Amino acid sequence: MDQRDEQEFAKYFAAKRDFVRRSAFLLCGDWHRADDLAQTAFVALHRKWNRIRDRAAVDAYLRKTLVRAAIDESRRPWRRERQMDRLPEPTPTEGRLDDRVATRTDLVNGLRDVPPKQRAVLVLRYFEGLNVAAVASALGCSEGNVKSQTARGLAKLRTVLGAEVETHG
């Protein structure tokens with residue numbers, strides 16, 4: 001890569017790194033893993049940087065790489081194991097969602113229990129504000145698949161949070 005491409009990439013990286021890191025955190029629920037996922041996505045982008053002709057498509061490429069990295073990482077056998085000091089006891093579900101999801105941490109913890117592909121769809125739809133067609137394009141699947149994954153993901157999130165999740169969009 002020549003000096004001009006390196007400077008362009010450095011400028012793009014500086015502009016997007018925090019947003020990509022936050023998206024990665026919502027996908028995995030852990031800041032250390034989010035850093036790793038963001039780094040993986042930016043390294044993949046850097047490898048292809050000088051071959052990307054349409055600079056308007058860079059965000060989509062980066063988003064798709066990030067989501068795929070998160071889904072691939074979640075499929076690793078050691079990611080399925082969770083160590084607990086004691087068995088979790090079911091808690092009674094009372095009140096509205098505002099009462100239960102008092103902090104962003106509660107929502108992120110709830111997202112951890114949503115399967116990776118459904119979580120990716122929810123993050124792209126409701127955090128990044130993409131429409132169904134854009135999410136389908138980012139994930140390389142049909143719009144119907146995005147709709148069904150959204151419905152299933154919201155249902156799981158409702159179950160996990162024990163209340164009704166209100167969505168707009």
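I take axes as lines fitted to C-alpha atoms, for helices over the stretch in contact, with angles running from 0 to 180 degrees between N-to-C directions. The model I am reading is predicted.

**Entry 1: the chain**

I looked up the secondary structure and found eight helices and zero strands. From the N terminus on, the order I noted is α-α-α-α-α-α-α-α. The chain has 169 residues, and I put down 37% of them as buried. I then turned to contacts with a separation of 6 or more; residues 24 or more positions apart account for 68% of these.

**Entry 2: H1 against H6**

I picked the pair formed by helix H1, residues 3-28, and helix H6, residues 116-127. At what angle do H1 and H6 pack? I read about 135 degrees, with the axes 9 Å apart. Angles over 145 degrees count as roughly antiparallel and those from 65 to 115 as roughly perpendicular, so I class H1 and H6 as oblique to each other. I recorded the crossing of H1 past H6 as right-handed.

Next I listed who makes the contact. H1 contributes Phe19, Arg22, Ser23, Leu26, Leu27 and Cys28. From H6 I have Arg119, Ala120, Val123 and Phe127. Sorted by class, the contact of H1 with H6 comes to seven nonpolar residues, one polar and two charged.

**Entry 3: H6 by itself**

I checked the length of H6. With 12 residues, H6 reaches 15 Å from its first C-alpha to its last, and I note that this is close to the 16 Å expected at 1.5 Å a residue.

Which residues of H6 are buried? I wrote down Gln118, Arg119, Ala120, Val121, Leu122, Val123, Leu124 and Arg125. I then asked what these buried residues pack against, and found H1, helix H3 (58-74), helix H5 (104-112), helix H7 (132-139) and helix H8 (143-161). After H6 I came to Gly129, which has a positive phi near 75 degrees.

**Entry 4: Leu111**

Is Leu111 buried or exposed? I have its relative accessibility at 7%, and because buried means under 20%, I count Leu111 as buried.

Leaving aside neighbours within four places in sequence, I found Leu111 in contact with Leu26, Arg119, Leu122 and Leu157. Of these, Leu26 is also on my list for the H1 side of the H1 and H6 contact, and Arg119 is on the H6 side. Last, I looked up Leu111 with Leu161: they are 50 residues apart in sequence, and I get 9.3 Å in space, C-alpha to C-alpha.

Definitions and conventions
Residues are numbered from 1 along each chain as its sequence is written. This is a predicted model: local features need pLDDT of at least 70, side-chain atom pairs count only at pLDDT 80 or more; totals for chains, interfaces and linings use all residues. Side-chain values use heavy atoms; hydrogens and water are left out. Helices (H or I, at least four residues) and strands (E, at least two) are DSSP runs, numbered from the N terminus. Angles under 35 degrees count as roughly parallel, over 145 as roughly antiparallel, 65 to 115 as roughly perpendicular and the rest as oblique. A crossing is left-handed if the near helix is turned anticlockwise from the far one by less than a right angle, and right-handed if clockwise. Contact means heavy atoms within 4.5 Å. Ala, Val, Leu, Ile, Met, Phe, Trp, Tyr, Cys and Pro count as nonpolar, Asp, Glu, Lys and Arg as charged, and the others, Gly among them, as polar. The expected span of a helix is 1.5 Å times one less than its number of residues. Buried means under 20% relative accessible area, exposed over 50%, partly exposed in between (1.4 Å probe, protein chains only).
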